[in-house]
Amino acid sequence: MLGKIFKAILVGFIPAFLLFLGRWDQLNEFITNHNLASLISDVSSLQIGSFIVGLSLTSIVYPIWLIRKERQIDIQNEKLAMLFDNIKLIYFKHIKDKLKFSNAQLNVRIFIPKKGFIAFYNRFIHGKRFLQVKYIPGLTDKIDDIKKLEFEVTPQRRGLVSKTFHEKAIRVDCDVTPENYNLTDYQRNKTHDVRFCTTAPFFDTNSNVIAVLAVDSPDDIQLSESEAKIWDTAIKYYCAIVDKHVTIQKTK
């Protein structure tokens, strides 16, 4: 860690020093006072060269280096997302096969506290809190038409997401009825095809719910008591996978 800190300081110091050297009016006096004239005969050329090199590092070399580093990180993130996506597909395929609804479509989503000024204003002025859907590459399914879907959790309680937020427990509904969940017209429109839904909480170290996982389906999925236990365990394991590899914004 200390080596990385030193390297970062050095990377920033070198161009700054060269730019300073190129603009230092007392450089000629400094060379004379320290008997360096025999080593440095052309002070003006030294200053021009230092300034040009320092300027090149800050405006050309370092930006290109940063872009390359960012691209490398993007590539690694893309590979990681592909790996997690394969894990998700294999994991839920195994569970669906085990519970004998292998042809059913499952949509995986995560809801986190809504961010921004409006969310801050609603929470501290009106006491309203919302959980908004978040796409996490590889770990959730990307569905563009619901990217603005959110559920109020206080003071109104809307949707199965809100129930899980308050009850701090996994909830399973094999026969989703919108009338049971106090949904808005927008929420009804975006979830009208959902017939099966499971929600599960994520916790921080103080046992506060910081996010909610939702797995839903437009297909008819019924679970016996024994199957429900298997499904419950499977959802807990998947939450552990997500929680281990993703930093989820806290509600505080």
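**Close-ups of a predicted model**

**View 1. Strand E2 meets strand E3.** E2 and strand E3 (residues 150-154) run antiparallel, joined by four bridges. Look for Gln-132, which sits opposite Glu-150 in E3. Keep in mind throughout that this is a predicted model.

View 2. On one pairing, E1 lines up with strand E2 (residues 129-134) in the antiparallel sense, over four bridges. Here Ile-112 has Gln-132 of E2 as its bridge partner, and Gln-132 is also the residue that stands opposite Glu-150 in E3. The other pairing is with E6: again antiparallel, with five bridges. Asn-107 faces Asp-216 of E6 in this pairing. E1 is mostly covered, too, with seven of its seven residues buried.

**View 3. The largest nonpolar core.** This core has 30 residues, and the ones touching the most other members are Phe-92, Leu-213 and Trp-231. Two or more residues each come from helix H3 (43-98), strand E1 (107-113), strand E5 (196-203), strand E6 (209-217) and helix H7 (225-245). H7 is the top contributor, giving six residues. As a bit of background, nonpolar side chains in soluble globular proteins tend to be buried together.

**View 4. Zooming in on Leu-213.** Setting aside neighbours within four places in sequence, who does Leu-213 touch, and which residues are they? Its contacts include Val-108, Arg-109 and Ile-110. Also in contact with Leu-213 are Thr-198, Thr-199, Ala-200 and Phe-202. Another core lies apart from the largest one: it has 17 residues, among them Val-153, Leu-160, Val-161 and Leu-183.

**View 5. A nonpolar patch on the surface.** Now for the outside: Ile-5, Phe-6, Ile-9, Leu-10, Phe-13, Ile-14, Phe-17 and Phe-20 make up a nonpolar surface patch. Together they have about 790 Å² of accessible area. One of them, Ile-5, belongs to helix H1 (residues 2-23). Is Ile-5 buried, partly exposed or exposed? Its relative accessible area is 42%, so Ile-5 counts as partly exposed, a class that falls between the cut-offs of under 20% for buried and over 50% for exposed.

Technical notes: Residues are numbered from 1 along each chain as its sequence is written. This is a predicted model: local features need pLDDT of at least 70, side-chain atom pairs count only at pLDDT 80 or more; totals for chains, interfaces and linings use all residues. Side-chain values use heavy atoms; hydrogens and water are left out. A nonpolar core is a set of buried Ala, Val, Leu, Ile, Met, Phe, Trp, Tyr and Cys residues joined through side-chain atoms within 4.5 Å. Buried means under 20% relative accessible area, exposed over 50%, partly exposed in between (1.4 Å probe, protein chains only). Contact means heavy atoms within 4.5 Å. Patches are made of residues with over 30% relative accessible area and no salt bridge: like charges are joined within 9 Å, nonpolar side chains (Val, Leu, Ile, Met, Phe, Trp, Tyr) within 5 Å. Accessible areas come from the Shrake-Rupley method with a 1.4 Å probe; for residues, only the protein chains shown count as cover. A salt bridge is a side-chain nitrogen of Lys or Arg within 4 Å of a carboxyl oxygen of Asp or Glu. Two strands pair if DSSP finds at least two bridges between them.
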